[in-house]
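We will go stop by stop.

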Amino acid sequence: MPTTRRAAVVTILASLASVFLLDAAIFRTGIYMRWVEADSSTGLTEYRFRAERDRQRQAGNLVLTFGDSRMAYLPRVANQYTSKSGYVFRHAGTAGSSARDWYYLMRDLDPRANRYQAIVIGLDDLEDEDSLVSRQDDPRSLHYNIGRLALTDLWDFAISHPSPAYQWAAIRGGILKGIVMQEDFHHLLLHPKARIRSANLNWTGWAGWAYDYDDEERSLAGLSIDWKTRQLSFSPGMDPGYRKMFQETLLRKPALATGLRGDYQRHWFGRMANHYRNSATRFVFVRLPRGPLSPRTDVLLNPNSSIRQLAKQPRVFLGTPLRYMELERPDYFKDPLHLNRAGAHAFSKMLVDEVRELIGPPH
Amino acid sequence: MLFNTAPFFAFFAVVLLLFYAIPWWPARKWLLLAASYYFYASWNPKFLALLGSLTLVDYFCALWIERSRRPKLALILSLAANLGFLGFFKYTNFLIAVFAPLAGQPVRVFDIVLPLGISFHTFQSISYVVDVYRGQQTAIRSLPDYALFIAFFPQLVAGPIVRARDFFRDLLAWQPPTGEDLRLGAWLILLGLTKKMAFADRFAMVADTYFNSPTPGQLTAITGTLAFGLQIFFDFSGYTDMAIGMAKLLGFHFPENFRRPYLASSITEFWRRWHISLSSWLRDYLYIPLGGSRHGAWRTYFNLLITMLLGGLWHGASWNFVLWGGYHGLLLGLERAAGLSQPSRWLRIPRTIITVALVMLGWVFFRASTFEASRFVLTQIFTGEPGAGLLNRWQWGLAVLALLVALIEDRWQVTERLARGPAWIYIPAFALMGLVLELFGVFDQAIPFIYFQF
């Protein structure tokens, strides 16, 4: 029997819907995420999400921290002081992530805003100067969040990227998640056995390994600077690539404050704080150790920066800016940006102390 | 606006909605004409004048041919205008590069931008005017109708080269598409998009890497060439599928342009399956007027060679395209001389493999940027050190999947059956195709269609 035009149109619309439904069946139900590569942006976020969600059932008085790779603290070390602090520290940040990524992960970990005593965010500084990497237009963000994004997030998430190309990529990928998971899927096709083996191992072991992780011991001991001439002296054998990193971080000229970073932080940290507006959870911003060589002083550029404004809200706390200055030594850093094992241990303990001082005992 | 981009789909969706929202047929035609000119102008508005001029010239020449006692003059005028523009834009620099050294003059290259789709719409115009001259087609009275024939956006920039009788049969007695047409049209659009983005663009990455700077190695050269052979097929047939699909949704029927060419068991059969609208154009307006096969064996070989040389030159102004055309002309002649142009039931598989290998060798001339590069690649294919293959496991998987689909389609015409079959088969098939597209499609960069440059 010939197909009527009306029936054909209905069939075509149903077919378009079926493309979405098939994608959803694979990528929105957790089927695929069971096999996702752990060592990828999406995999890290998803494994982190599962580990933290499982942990919620096992312990109370949880403090959840967020930060990028510079937030080199170790929950295992911090929790050695639980009897003194009263808190169990957990970490949900991943290298390269930023406020937008932390919001979606935090929202899904604590949808009712009642599972954590505090949310602690580690920041490079409290100003609104543009950072080295644009966080607003970061293509990695879609990969970090793809497992977390619901259809209702689509518009919000997409327009948070300033450039139309990223907005379109976010809308497209937010509807058909398979597009974002392409590379992971191709890798799975190339090495199926290895992926299944590693996924099975990670499924049971990842949370423990992440918790037990300890940082590298190597340090920048021997590094020094003459602040007057801004000349660096390297110790013998130091990676020559660090010189460029120092130029881009420690010795870089003040960046522009275009307002983009301020708007970004105001928006996403504002949403995070807003999520806990009517809850007992406290919100803490701490400033991370700046680097292996830092001036003894700090310049306050903007007393009304986005972070300082947010800290005026109830239950939002701001750590002491130079609290971790004593860690800003070459022997506590493994490279120009990251603490080494000794630095991470020392920082973890100091962080517990600062958080405890700011928010008081558990309630 | 490339066919594989979101702006084009937004444009097409608006055109489709407006087309069916307008109840008055003449207004629908005006809408299609305006949309087609808008589509063309979105590439380069300056060339609208060229398109419009050629449209006017051919429209009036056709009327003149029909009414005049000296129709040849009008035919010559039309041919001169079409070939003149085509020659100027496409071959000026090539001819200068060829003849200036012969005349002892320095080669001075002009900065000439090739108007999009000029090779296609000039051939389409020529076929119309020649058909009118031959009395096989009545001259179209309505200028907007004729302008739409030339500018119709689904096939304006890369074909298929539609014959006037086919187009006006639809336009002058337009019927809304049947349910099967709608389903087939939607399927072809998705199929074409998948061919382009999931297959052609994937193989393009390999082929471009190799041909942009060919490296030594036999397997490297073979896989690089194979990648291009797959790229060009999926690219062009994908575009054509989309063009046919879009036309179907608007109630127009374009001729088939590809019929699984890599399953051909001879070069003759290959050209009956590859870019059918061009090869049939070359046959009807070049090969047969040259005498075809009516004047003995040697004249037939000569006609084949001339036709394919010009067919090669139609693709682009370089010696490589001439060589590619000449190579195919030579193979067609040899096949005919050896009596191998007819299919053989028993030797079909080995002959298909040989045919594909010969076609792939021809693609080296087509893709390599210079004659020296072609020679290097061919040398590597035949005498190079082993080297490393360029296709990874899932790219081979895509190639094998495509071969299986082609064999199934060749045997059972699945696409047609799918359009007529029950919804419970059509819908899951559509979903699976969509999944292939999203998992393998190249989305982060819009790689232009190869034939857009012609």
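A crossing of two helices is called right-handed if the near helix is turned clockwise from the far one by less than a right angle, and left-handed if it is turned anticlockwise. Keep that in mind for the first stop. Remember too that this model is predicted.

**Stop 1: two helices in chain B**

Select residues 276-287 of chain B, which form helix H11, and residues 297-315, which form helix H12. Their axes come within 10 Å. They cross at roughly 120°. Angles of 65 to 115 degrees count as roughly perpendicular, and only those over 145 as roughly antiparallel. H11(B) and H12(B) are therefore oblique to each other. Which hand does the crossing of H11(B) and H12(B) have? It is right-handed.

Now show the side chains. H11(B) brings B:Leu282, B:Leu286 and B:Tyr287 to the contact. H12(B) brings B:Asn303, B:Thr307, B:Leu310 and B:Gly311. By class, that contact has 4 nonpolar residues, 3 polar ones and no charged ones.

**Stop 2**

Where they touch, 9 residues of domain 1 are in contact with 5 residues of domain 2.

Look at the domain 1 side. Helix H4 (71-102) and helix H5 (118-134) of chain B each supply at least two residues there. H5(B) gives the most, with 5 residues. By class, this side has 5 nonpolar, 3 polar and 1 charged residues.

**Stop 3: where the chains meet**

Show both chains. How many residues of chain A are in contact with chain B? There are 25, and they face 22 residues of chain B. On the chain A side, select helices H1 (5-27), H8 (164-175), H9 (177-180) and H10 (182-190), which each give two or more residues. H1(A) gives the most, with 12 residues. The chain A side divides into 14 nonpolar, 8 polar and 3 charged residues.

**Stop 4: a sheet in chain A**

Switch to cartoon view. Here is an open sheet of 5 strands, in the order S2-S1-S3-S6-S7, with parallel pairing. Strands S2 (88-91) and S7 (316-318) stand at the edges with a single partner each, so one side of each has no neighbour in the sheet. On average, neighbouring strands are turned by 20° against each other, direction ignored.

Finish on strand S1 (62-66) of chain A, which pairs with S2(A) over 4 bridges. Select A:Val63: its bridge partner in S2(A) is A:Phe89.

Methods:
Residues numbered from 1 in each chain as written. Chains lettered and ligands numbered in written order. Predicted model: local features only at pLDDT ≥ 70, side-chain atom pairs only at ≥ 80, totals over all residues. Contact = placed C-beta atoms within 7 Å. Nonpolar A, V, L, I, M, F, W, Y, C, P; charged D, E, K, R; others polar. Axes fitted to C-alpha atoms, helices over the stretch in contact; angles between N-to-C directions. Parallel < 35°, antiparallel > 145°, perpendicular 65-115°, else oblique. Pairing = 2+ DSSP bridges.
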